[in-house]
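Student: I have not worked with this structure before. Could we go through it in questions and answers?

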Amino acid sequence: MQALTLSVASAKVHGLTLAEETGGQGLASFLLKRAWQVYDQLDYFLLETDRDLGAFYKGCGYTVHAPGEGYLLERIDLPFGIHAGPDQCVFTRWRPIR
């Protein structure tokens, strides 16, 4: 039941890749913002990613978790958390409470 609840509450961005020559144009930020809008419209509570782009995600409003650090899901009334692997950096962004 907990896994099912988590699957309808949390979304993960697995790939957001642009050609190197497009760097500095704001396209990655635009795509991430659009992904956030879509997931928000679908009523997901949390959007996460695990690429090592801490400064980029922090600038886009995400919480930067240290390698291996997890996060609790109490905000959506789940009595457990998600824990990253020792070499994984995870970035999360919660939907505002409505």
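This is a predicted model: local features need pLDDT of at least 70, side-chain atom pairs count only at pLDDT 80 or more; totals for chains, interfaces and linings use all residues.

Student: What share of the residues of the protein counts as buried?

Tutor: A residue is buried if its relative accessible area is under 20%. The protein has 98 residues, and the share that counts as buried is 29%.

Student: Which residues make up the largest nonpolar core?

Tutor: A core of this kind is a set of buried residues joined through side-chain atoms within 4.5 Å. Another core, of 6 residues, lies apart from the largest one and has Tyr71, Leu78, Ala84 and Val90 among its members. The largest has 7 residues in all: Leu32, Trp36, Tyr57, Cys60, Tyr62, Cys89 and Phe91.

Student: How are the rings of Phe56 and Tyr57 arranged, stacked or edge-to-face?

Tutor: The count of aromatic pairs comes to 3. In the pair of Phe56 and Tyr57, the ring centres are 5.2 Å apart and the planes stand at 75 degrees. Planes over 60 degrees apart count as edge-to-face, so the pair of Phe56 and Tyr57 is edge-to-face.

Student: And the rings of Tyr57 and Tyr62, stacked or edge-to-face?

Tutor: Here the centres lie 5.5 Å apart, with the planes at 75 degrees. That angle is over the 60 degrees required, so the pair of Tyr57 and Tyr62 is edge-to-face.

Student: Is Phe56 buried or partly exposed?

Tutor: Phe56 belongs to one aromatic cluster with Tyr57, Tyr62 and Phe91. Phe56 has a relative accessible area of 25%, and buried would need under 20%, so Phe56 is partly exposed.

Student: Which residue forms a salt bridge with Arg95?

Tutor: The count of salt bridges comes to 1. Its closest N and O atoms are 4.0 Å apart, and the limit is 4 Å. The partner of Arg95 is Asp40.

Student: How many residues apart in sequence are the parts that this pair ties together?

Tutor: Asp40 is in helix 2, residues 27–41, whereas Arg95 is in the segment after strand 6. Arg95 counts as buried at 9% relative accessibility, while Asp40 counts as partly exposed at 21%. The pair therefore ties together parts whose separation in sequence is 55 residues.

Student: With which side chain does the side chain of Thr92 make a polar contact?

Tutor: Thr92 is in strand 6. Its relative accessibility is 3%, so Thr92 counts as buried. The contact spans 2.8 Å, and the partner is the side chain of His65.

Student: How far apart in space are Leu31 and Thr17?

Tutor: In sequence, Leu31 and Thr17 are 14 residues apart. In space, taken from C-alpha to C-alpha, the distance is 9.6 Å.

Note on methods: Residues are numbered from 1 along each chain as its sequence is written. Side-chain values use heavy atoms; hydrogens and water are left out. Rings of Phe, Tyr and Trp (its six-membered ring) pair if their centres lie within 6.5 Å; planes under 30 degrees apart count as stacked, over 60 as edge-to-face and the rest as tilted. Buried means under 20% relative accessible area, exposed over 50%, partly exposed in between (1.4 Å probe, protein chains only). A salt bridge is a side-chain nitrogen of Lys or Arg within 4 Å of a carboxyl oxygen of Asp or Glu. Helices (H or I, at least four residues) and strands (E, at least two) are DSSP runs, numbered from the N terminus. A polar contact is a pair of N or O atoms within 3.5 Å; within protein, one must be able to donate a hydrogen and the other to accept it, and residues adjacent in sequence count only if both atoms are side-chain atoms.
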